Amino acid sequence: MEYKTILFSVKDGIAWIRFNRPKKLNAMNAQVITEIERVIVECESNDEIKAVIMIGNEKAFIAGADIKPLSDADVNSAFRLVELTTRMQERLADLPKPTIAAISGFALGGGLEVALCCDFRLAAENAVLGLPEITLGIIPGGGGTQRLTRLVGLGPAAEMLLAGVTIKAEKALSIGLVTEVVPVDQLEIKAEDLAMRLAVIPAVAMKACKTAMRSGLNCGLKEGLRIEEMAFCMLFGTLDQKEGMKAFLEKRKPKFLGK
Ligand code: CAA
C-alpha cells in the first residue's frame, strides 16, 4: 500500500511506521490520520508482523494536530476530525500486537495522544512531551484528558492538561509517562531491541493479555477479573501453552507457533 505522509517498512517481523511530514514537524492533518489508520489495519492483517514501532525524526515524533486546518474549523468539522482521530486511535490501542512509540523531539497534543495509545513509550533525551491544547483555547480531543490521567494520575496530568506545561524526557520518566530514556542516537536500536523481545512472545497470549489489560480500564474490578479469568482459561486451548510449559519442563527453548 502507498502512503504519502508516512514511511512504512517491515523487517524481521517488526513494522516501522515512520511519520514523514518533516517540514511541519509531522503535524497531523486528515490525510496523516487516515494513513495512520490504514497502516495499522495493514499491521493487523499481516501475519508476518509481530511488533510495531511508531517513530518520527530527531526533531519531532508528532507536534500535534495540524493547527492550520483547525484554526477555521467549526463545530461540525471538529466533530468530523474527532471521529476520524478516535477511529484511528482505537484501532491502534486495540491492535492485538505490541506497539512502541519511539519519541525523539516533540510529542505534543495529538502526537502525544498517539503515543498514549501505544503499549510502550521510549523517549530520547531530547524528547519534549505535552498536551498544550489549552493554550490554544481548546482541550485535547484525541483521548488526552482520559488516557494521560489514567496513566500518570490526576496530579501530574493536571499540570500538563490544565496549565499546558510541556515536560522533558526525565520528568516524563519520573511520572511514568515513558518507560525509558535513552540517548538520541540509541533510540532506534533500543526500540528495535524491545520490539524483538516482544515479537517472540506467543501471539495468542499477547492478544489475550492486551485485551484483558485494556478492557480492565473500561470497567470495574469484578468485571475486569472475569475478563482475565476467561482469557486465562482460553489460553489452555492453545498449542503455544502446551509448548511453552513442555519446553520449560524439558529445559529447552520453546518453539511457538502463534496458535
Ligand atoms: N500544526 C501545524 N504546523 C505546525 C505544528 C502544528 N501542530 N507544529 C509545528 N508546525 C509547523 C510550524 O508552523 C512551522 O511551519 P513553517 O515553517 O511553515 O512556519 C514548522 O512546523 C516548524 O515549526 P516551528 O518553526 O514552530 O519550530 P520550533 O522549533 O520553533 O517550535 C514547536 C517547535 C514548539 C513544536 C512549535 O512548532 C509549536 O508550538 N507547535 C505547535 C504545538 C501544539 O500546539 N500542538 C498541539 C496542536 S492541537 C492538537 O493536537 C489538538 C488535538 O489533540 C486534536
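This is a predicted model: local features need pLDDT of at least 70, side-chain atom pairs count only at pLDDT 80 or more; totals for chains, interfaces and linings use all residues.
Strands of a sheet pair through backbone hydrogen bonds, in either a parallel or an antiparallel way. In this model, 6 strands form an open sheet with mixed pairing, and reading across the sheet gives the order β1-β2-β3-β5-β7-β10. At the edges lie β1 (6-11) and β10 (180-182), each of which pairs on one side only. Ignoring direction, neighbouring strands of this sheet are turned by 20 degrees against each other on average. A residue to look for here is M54, whose bridge partner in β5 is A101.

Attention now turns to the ligand. Around the ligand there are 19 residues, of which K24, K59, A65, G110 and E133 come nearest. By type, the residues of this shell divide into 9 nonpolar, 4 polar and 6 charged. Two elements, β6 (106-108) and α4 (110-116), each supply at least two residues of the shell.

K59 contributes a polar side-chain atom, which lies 2.8 Å from a ligand oxygen. The backbone takes part as well: a backbone N or O atom of K23 is 3.4 Å from an oxygen atom of the ligand, and a polar backbone atom of G110 is 2.9 Å from a ligand oxygen. How much of the ligand does the protein bury? Taken alone, the ligand exposes 980 Å², and the protein buries 63% of that.

Definitions and conventions
Residues are numbered from 1 along each chain as its sequence is written. Side-chain values use heavy atoms; hydrogens and water are left out. A residue is near a molecule or strand if one of its heavy atoms lies within 4 Å of it. A polar contact is a pair of N or O atoms within 3.5 Å; within protein, one must be able to donate a hydrogen and the other to accept it, and residues adjacent in sequence count only if both atoms are side-chain atoms. Accessible areas come from the Shrake-Rupley method with a 1.4 Å probe; for residues, only the protein chains shown count as cover. Helices (H or I, at least four residues) and strands (E, at least two) are DSSP runs, numbered from the N terminus. Ala, Val, Leu, Ile, Met, Phe, Trp, Tyr, Cys and Pro count as nonpolar, Asp, Glu, Lys and Arg as charged, and the others, Gly among them, as polar. Two strands pair if DSSP finds at least two bridges between them. Axes are lines fitted to C-alpha atoms, for helices over the stretch in contact, and angles run from 0 to 180 degrees between N-to-C directions.
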